[in-house]
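The following note sets out points on the packing and secondary structure of the model below. Comments are grouped by element.

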Amino acid sequence: MSSLNRRSVLRGAAAAAGLSLVGGGVAIAGGRVGTTRQRHRVVVVGSGFGGGVTALRLAEAGVPVHVLERGVRWPSGPNAETFPHVASPDKRIFWLGSSPSLPGLPNVPFERYTGLLESVPGDGMTIMCAAGVGGGSLVYQGMTLQPSEELFNACLPEQLDYKRMNEVHYPRVARMLGLRTAPDELINSKTYLAARVFARNAQRNGFGVEKIPMPIDWDFALRELKGEMKPSYTNGDCALGVNNGGKHSVDVTYIAAAEATGRCTVATQHNVTDIAQAPDGTWEVHADRIHTDGTVLEKKILTADALVLAAGQAGTTRLLMRAGAKGAIPDLPDSLGTGWGSNGDRIYTWTTLAEDFGPLQGGPVVYGSKEWTGTATPNTVIQASLPAPLTALRTTMLVGFGVSQGRGTFTYDAKKDDAVLHWPKDADAALAKRVDQRVKAIAGPLSTVLDTTGIAPNTWHPLGGATMGTVCDLDGRVQGHRGLYVLDGALIPGSTAACNPSMTIAAVAERALDNIITKDVGTVF
């Protein structure tokens, strides 16, 4: 492959996979900014899977909930243009003017905007974060995988009781998200050739292949094939949100249901900067209400009887560590900032002369290949689509993740007033080697497989930092701190058992809310 084509593939794959190494921050407007105070029973920071579950279940239990979300709402619908397009990135992709940066590629400046993606750079690893009502569910491909009992118990505390989660909490999440696998009518259409080639090649190598449950109404994609809507699914233009709708993200499921109770309010464009414990034991949240260009319009101090941190793994961990380092929350557990893992993420481009994937690739994900037994490195490999014009280069995307053994640590940097991740080089070398072997076998001869994660180490699936069993109990209660909870990826110790984390984060939160409502509502808050 020529240098130019190689760079084109990498640039497009980076946009599609969210691999931009971007920086972010809020520009404080000049002059005085007013400060207001509010009082709430429960404040939830973040509106992704953990925050969405918390908001709905507490509201259903009669508890008023106030959700703070730093990003904006992204309403979709037939032929909408709400979300940015992968092939033509604009300000809507990036959080507050961040620009993509990859080795050997020029930076492209974008206007500051409260966009979908922010990266949190660390020492050896960059964490990709989402912003917007619905959190990571807005931009994730949608794979909704439940781990096996064996792998679940190998990665998570057995006291969570997999049997009950399998009977109650995982099915509850599945119903909320409306999980469906892609119909054969869609898979057999011409735009899903790449998915069929992936499945065929995996099976030829003796790997199992199955359809992946997705939170998608596939009738939307079928309508696109009939010309009833402009393409969104069927042309691979769905990695940064689905404009046509039909994707059951958290904003249109959990959050919408919570708001429908009349007991949940969502404050968008509220960027939480600090948290603290007040002298009377209640919780203070300091937030900037911001314009879409990041300008601070108002400063708020919200006091609550209970504070639920669901700001995403990086957001939650950094808020807690900043509060602990500055004495705003005394006596936080010593293990805070430890137990971090990348869930074994690997993202590849697959370019081949042996196949022509066609001018369009349907998505987002149809098939996956699980290798969960008979190996020391359980893993999953899936194929994901790329948009035109990258498809002209006979290129598609392969993604792998698995049981991650490597662990990183956050440390507080006083100069930055922030917690920074430190990730050991080759921490997941054994897992990466096995995923690499499988990906190359599936790609086959006359193929070039480019490991973008090796070029720019990053993860979409950060886990840990305030883990259960060390910092929190199994229901997310921060040890020694009445009314303070963690209910997002920060609670999970590094891996969700060869699955992407969304379903397990939601199921753990569902389980936790059952217990919190029974034991804490009316007593703790």
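Buried here means under 20% relative accessible area, exposed over 50% and partly exposed in between (1.4 Å probe, protein chains only). Helices (H or I, at least four residues) and strands (E, at least two) are DSSP runs, numbered from the N terminus. The model is predicted: local features need pLDDT of at least 70, side-chain atom pairs count only at pLDDT 80 or more, and totals for chains, interfaces and linings use all residues. Residues are numbered from 1 along each chain as its sequence is written, and side-chain values use heavy atoms, with hydrogens and water left out.

1. In helix α4, the buried residues include Y162, M165, V168 and H169. The buried residues of α4 pack against α2 (49–60), α3 (149–155), α8 (254–260) and α12, contact meaning heavy atoms within 4.5 Å.

2. Just after α4, G178 has a positive phi of about 60°.

3. Six strands form an open sheet in the order β5-β11-β12-β13-β10-β16, with antiparallel pairing; two strands pair if DSSP finds at least two bridges between them. Because β5 (210–211) and β16 (447–451) each have a single partner strand, one side of each is left without a neighbour in the sheet.

4. Strand β10 (residues 346–352) pairs with β16 over five bridges, in the antiparallel sense. The bridge partner of T352 in β16 is S447.
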